[in-house]
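Subject: Structure handover

Hello,

Here is the structure we talked about. Please open it and read the notes below alongside it.

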Amino acid sequence: MGFYVWLLPLTLWAAFAQTEVATTEQAPYPAQVLSISADGVELKVGSKLSTIPLDKLRRLRFANNAAEERLGGTAQAGGIASSSNSAQRVSLRDGSLFGYRSFTLAAESARFELEAGARFSLPASEVQHVQLQELNPAQWTQWQAIVQSRASGDTLVLIRSAEALETLEGIVSAVDAEHVSFDFGGQNINAPLTKLAGLRLFAPAPVATGRNRDDSSTKLSAIAQDLSGNRWMTAAATQSRGSDEVELLLRCGAKLTLPVGQLAEIDFSAGSTQFLANLEPLSRDSGRSPSAGAGLPIGLTVAGAEGLFGARARNQSHAGQPALGPGLEFLGSGSISYRTPPEFTRLRGEVELRPSGNRFTPVHVVVRLENEVIWQERLSETGRRWPVDVPIAPDGRLHIEVTTEAETPVGDVVLWHDLRLVK
């Protein structure tokens with residue numbers, strides 16, 4: 001009860017607070033959001049009312065600085081806190097990522113209570129994996145490899161030691177506050193949650209449009225982030241006029257209602273997005289010669305060796321990772337260049353160092369527009385994503401570069417997640 005008493009004045013304050021509105025045609029400006037619907041966002045700027053169509057809207061960033069401080073500052077523009085190593089984190093097949101306070105599963109239905117008190121349920125088949133414990137670096141590396149690997153059934157991931165995880169494949173029949181009920185080869189096991197790193201639920205194929213789902217429900221309309229660091233992949237976001245709540249229809253079909261005071265932003269640019277991995281590159285350089293760079297004897301060349309290193313497109317959702325779209329993977333040093341299409345004005349995404357083992361070499365990553373550096377970072381740790389959100393000029397030459405720090409590098413695999421141009 002105490003939580004809701006505290007939340008009431010917060011949501012009332014947020015309902016009348018100014019929201020930063022970013023459109024495709026002008027610089028961000030403050031306004032009061034009156035309603036959100038399929039027709040657009042109804043705004044009040046001073047005494048003037050207007051409606052911005054969704055295809056002209058880039059982002060609503062809510063004025064929740066005071067709320068963010070009370071909740072520990074977990075909201076991050078351009079970054080998702082729930083993508084990091086943390087206990088009680090869920091990944092849905094539609095790309096949503098969120099933390100929960102309680103989780104149960106029964107009769108093929110998963111039910112969640114969020115940290116902020118909201119509750120919702122969805123078919124268990126829409127849940128990709130649930131991380132139950134915060135893991136140490138060795139366990140975290142193994143967990144990531146497990147959730148990206150192929151499976152033929154539900155998977156329990158057991159903590160065997162500080163250095164090792166173990167997997168069991170079978171059927172998850174139920175989850176309560178203390179146990180997972182698991183059918184392992186015809187034997188029913190009640191596994192304590194405290195002994196598990198997490199669990200992964202199996203689906204034979206990506207969830208497609210079904211008989212009971214309208215085609216529009218699977219199309220990404222907007223990405224909502226809340227102050228707990230959760231990311232919600234939505235087919236529709238609606239707010240009735242005078243209401244202090246926003247209803248999110250997720251791509252998986254589940255409905256979730258959040259107070260405006262709990263929202264950090266709603267990014268509508270998904271409808272005007274171009275992923276770099278889908279563009280034809282102007283040039284590509286692996287940074288290695290086809291012979292020596294591929295670890296072959298000097299003077300010996302192998303057809304196709306150049307393609308083993310440098311940048312390549314990667315469909316991360318097929319690799320078991322929640323993703324908005326395809327990303328870029330660099331195996332070692334290299335660069336790739338693109339011509340930015342007209343009307344696109346920003347580059348957004350995330351980048352991380354993702355070695356296949358525990359050893360790695362730090363790398364430098366650079367984004368250039370023509371010959372000017374517009375973003376750069378040194379990646380010197382794993383298990384962390386650095387957000388990228390920078391302005392670009394349309395019809396320019398965009399360069400993505402990765403450089404390792406050692407002459408004989410190890411583990412220098414760099415993933416650019418959801419690297420995309422937005423209008």
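Rings of Phe, Tyr and Trp (its six-membered ring) pair if their centres lie within 6.5 Å; planes under 30 degrees apart count as stacked, over 60 as edge-to-face and the rest as tilted. On that basis, the whole structure holds nine aromatic pairs. One of them joins F120 and W232: the ring centres are 5.7 Å apart and the planes stand at 85°, so this pair is edge-to-face. F120 sits in strand β10 (residues 119-123) and W232 in strand β18 (residues 231-238), so the pair ties together parts 112 residues apart in sequence. F120 and W232 are both buried (under 20% relative accessible area, 1.4 Å probe, protein chains only). Ring pairs also link F98, Y100, F103, F112, F120 and W232 into a cluster.

Some ground rules. This is a predicted model: local features need pLDDT of at least 70, side-chain atom pairs count only at pLDDT 80 or more, and totals for chains, interfaces and linings use all residues. Residues are numbered from 1 along each chain as its sequence is written, and side-chain values use heavy atoms, without hydrogens or water.

Now the chain. It has three helices and 32 strands (DSSP runs, numbered from the N terminus: H or I of at least four residues, E of at least two). Of its 423 residues, 50% count as buried.

Last, helix α3. Its twelve residues, 137-148, reach 17 Å from first C-alpha to last. Buried residues there include W140, W143 and I146. The buried residues of α3 pack against β11, β12, β13, β16 and β27 (contact: heavy atoms within 4.5 Å).

Best wishes

Conventions. Expected span 1.5 Å × (residues − 1).
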